[in-house]
Amino acid sequence: MLTFRIAITTAVIAFTTAATALLVFTELKTSHAVARAAASAAMDAASANTLSRLEAELSGLSSVVDVLSSNRSLADSDDRSEQDGAIVLFKAALNRLPQADSFYVGYENGSWLQVRRLDVLGTPDREKLGAPSGAVYNINLVRPTSDKALPMRRIFEDEEGNMTGQLDLPDYGYDVRKRVWYRDTMQADRDLISSPYASFSIGTPMITLSAPLHGRVRGVIAADLKLDKFSEWVHAQRPGEHGAAVIFDSFGVLVAHPDFARMVEEARAHPSHPQLPEISEIRTGLVGAVLQMWHGDERFEGDMRGEDGRDYLFRLQKFSQGGGYSGYSLLIAAEDDFAENVRKLQIRGMLIALIVGACFVPAAWIFGSRMSTSLKQITEQASRLQTLAVPRGAPVVSNIAEINELGRTMAVARRSIASFARFVPKDIVRGIIDGSISTELGGMRREVTILFSDVTNFTGIAEAADPDVLMRQTSRHFAALTEAFFAEGGTVDKFIGDSVMVFWNAPHLQPDHVERACRAALSAKAASDALNAQFEAEGLPPFVVRIGIHFGDAVVGNVGSAERMNYTVLGNSVNLAARLEGLNKGYGTTILVSEAVRSRVEHRFRFKPIASVTAKGMTTETRVYELVEAAFAQRRPSAFRTSC
């Protein structure tokens with residue numbers, strides 16, 4: 001028979017042991033979920049960072065190449081010289097776009113002019129070019145002789161344009177007309193982005209962006225993007241210490257790889273090998289294991305066990321960018337990189353509980369409670385990830401290093417997922433997560449209010465404006481309008497050039513959706529007027545907004561394909577709202593609404609009759625009204641309304 005003391009002590013120890021075991025089991029499950037969520041978020045962040053960097057570098061070069069293709073000094077003459085004005089243009093472009101290796105132009109007569117920055121090259125590349133010390137620019141000029149020979153002169157200049165050296169290479173063997181980038185561009189007669197290849201002069205991996213000249217002579221203008229530094233940057237963005245990031249184009253040529261430099265050197269050492277390494281050559285390791293399971297799908301993800309015993313998540317997906325350039329990105333993340341410290345803590349906690357629990361039950365109880373509190377906070381934060389809730393509060397901190405590290409990791413995951421939620425309306429994302437919005441193609445019929453807005457004479461403004469200034473001004477304009485739309489619960493469907501499409505009463509029901517749309521339109525106009533005052537004070541052209549509103553039945557749901565879809569509204573009501581916005585131009589109005597809108601909310605707003613019209617593409621006549629302001633009754637006790 002046990003005494004009470006022994007019984008209670010045994011019970012407490014048994015309870016503590018059971019609670020400890022249960023807590024550890026719960027922590028195992030939680031840490032696994034947290035680790036996978038954090039690893040997935042890290043892969044999302046790495047994918048966004050790497051692909052946006054590639055897109056930014058390609059689009060920047062492509063824009064400059066496109067502008068230079070119509071430059072008269074380049075497109076109207078194929079006679080290039082050492083004092084050519086094109087050299088000044090190319091230098092300016094290189095200074096503006098540091099990611100560019102060189103700019104060059106080639107012609108049908110074999111003439112070729114290239115300008116390259118040397119201060120960004122390493123010593124081996126400078127030695128290949130024979131560059132003297134102090135040289136900042138390398139100018140290569142090929143001018144055909146009367147006997148059709150193609151000698152090249154290589155000139156070196158300092159930052160001020162003073163010549164520091166010159167090499168004459170009569171048998172250099174560079175015929176621009178035989179280069180792939182030149183032939184393909186001339187044949188396609190449009191802007192192109194090449195697959196990666198090894199540079200003719202220095203052997204460095206490059207991507208060429210080219211465009212045909214638009215002038216009196218036939219030729220091609222082009223720029224090179226170096227891939228060696230880009231591959232190093234991509235590797236630095238890998239998800240986790242044991243993760244990997246790989247990018248290859250649609251032809252399988254590697255753009256970025258952890259061992260990119262080594263693989264390029266090996267390719268150079270074998271004359272029978274392709275110029276640059278290809279993804280099909282990788283058959284071992286984590287990357288090789290993923291490729292063996294991949295069957296060419298545009299998106300392929302899953303998990304696997306590595307040879308080192310770690311569990312890995314992987315994601316292989318296709319991407320497409322401007323100029324028709326496309327490829328695949330492969331990201332691999334080790335779960336242990338995001339949960340290793342938590343697992344160590346669990347083992348340590350079990351040992352401490354078993355050894356110390358019998359002697360220091362209260363201390364073990366308090367310690368376990370505090371540890372549990374921290375883990376519960378992290379668990380709650382993990383649950384909030386699924387609701388896309390805005391991160392609030394400081395990261396979970398603890399005197400235990402492992403929990404403190406997990407708290408910081410969770411904070412990174414929360415910030416990352418909250419950032420990605422900005423690309424899609426949050427109500428739609430939440431609906432997809434909780435199942436209220438289907439992920440299958442199709443929809444349902446519902447009464448909705450649709451609003452279209454655009455900017456008067458935006459084409460004329462765009463033609464006269466600097467692209468960078470226009471982009472910032474347009475973003476400020478969209479920010480002011482969307483703030484007004486969001487304040488009234490609108491769902492911003494899409495931005496179409498200078499236009500915005502917004503709808504109400506979906507995905508969530510809004511009984512006063514017509515009234516909300518009218519208030520949002522008036523608020524958007526007021527916000528636009530205030531912003532235009534700022535634009536004029538800054539010397540910028542005003543963005544005069546025009547708005548059209550209509551409500552009626554429409555199909556609300558998912559439109560697109562199984563691989564990519566968009567939650568939107570379709571139907572004649574949408575078309576009429578778009579036509580109403582366009583009618584503002586003819587009547588000199590700002591906000592035009594349909595007869596249906598006016599009839600529904602005439603007690604709330606003042607309207608001015610405009611005309612009865614048959615909108616473009618419509619078969620029935622529609623009365624249109626200008627929305628002037630909120631009804632007088634909403635602002636003063638004595639009601640007033642203008643009859644129409």
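The charged end of Lys 91 sits over the ring of Tyr 137, at 4.7 Å from the ring centre; a charge counts as sitting over a ring if NZ of Lys or CZ of Arg is within 6 Å of the ring centre and within 35 degrees of the ring normal. This comes from a predicted model, where local features need pLDDT of at least 70, side-chain atom pairs count only at pLDDT 80 or more, and totals for chains, interfaces and linings use all residues. Residues are numbered from 1 along each chain as its sequence is written, and side-chain values use heavy atoms, with hydrogens and water left out.

A search of the whole structure turns up 13 aromatic pairs. Rings of Phe, Tyr and Trp (its six-membered ring) pair if their centres lie within 6.5 Å, with planes under 30 degrees apart counted as stacked, over 60 as edge-to-face and the rest as tilted. With ring centres 4.3 Å apart and planes at 35°, Trp 112 and Tyr 174 make a tilted pair. Trp 112 belongs to strand 2 (residues 112-117), while Tyr 174 is in the loop between strand 5 (163-169) and helix 5 (180-188), so this pair ties together parts that are 62 residues apart in sequence. Helices (H or I, at least four residues) and strands (E, at least two) are DSSP runs, numbered from the N terminus. Trp 112 and Tyr 174 are both buried, where buried means under 20% relative accessible area, exposed over 50% and partly exposed in between (1.4 Å probe, protein chains only). Phe 300 and Phe 314 form another tilted pair, 5.2 Å centre to centre and with 50° between the planes. Here the link runs between Phe 300 in strand 12 (residues 299-305) and Phe 314 in strand 13 (residues 311-320), 14 residues apart.

On to helix packing. The axes of helix 14 (residues 467-487) and helix 15 (residues 513-537) come within 8 Å and cross at roughly 150°. Axes here are lines fitted to C-alpha atoms, for helices over the stretch in contact, and angles run from 0 to 180 degrees between N-to-C directions; under 35 degrees counts as roughly parallel, over 145 as roughly antiparallel, 65 to 115 as roughly perpendicular and the rest as oblique. Residues of helix 14 including Arg 476, His 477, Leu 481 and Phe 485 meet a set in helix 15 that includes Ser 523, Ala 527, Leu 531 and Phe 535, contact meaning heavy atoms within 4.5 Å.

His 257, in the loop between strand 11 (254-256) and helix 7 (260-269), is buried at a relative accessible area of 10%. Leaving out residues up to four places away in sequence, His 257 touches Ser 231, Ala 245, Val 246, Met 263 and Ile 282. The peptide bond from Ala 506 to Pro 507 is cis, with omega near 5°, and Pro 507 falls in the loop between strand 17 (499-504) and helix 15. Lys 148 has a positive phi of about 70° despite not being a glycine; Lys 148 is exposed, with a relative accessible area of 74%.
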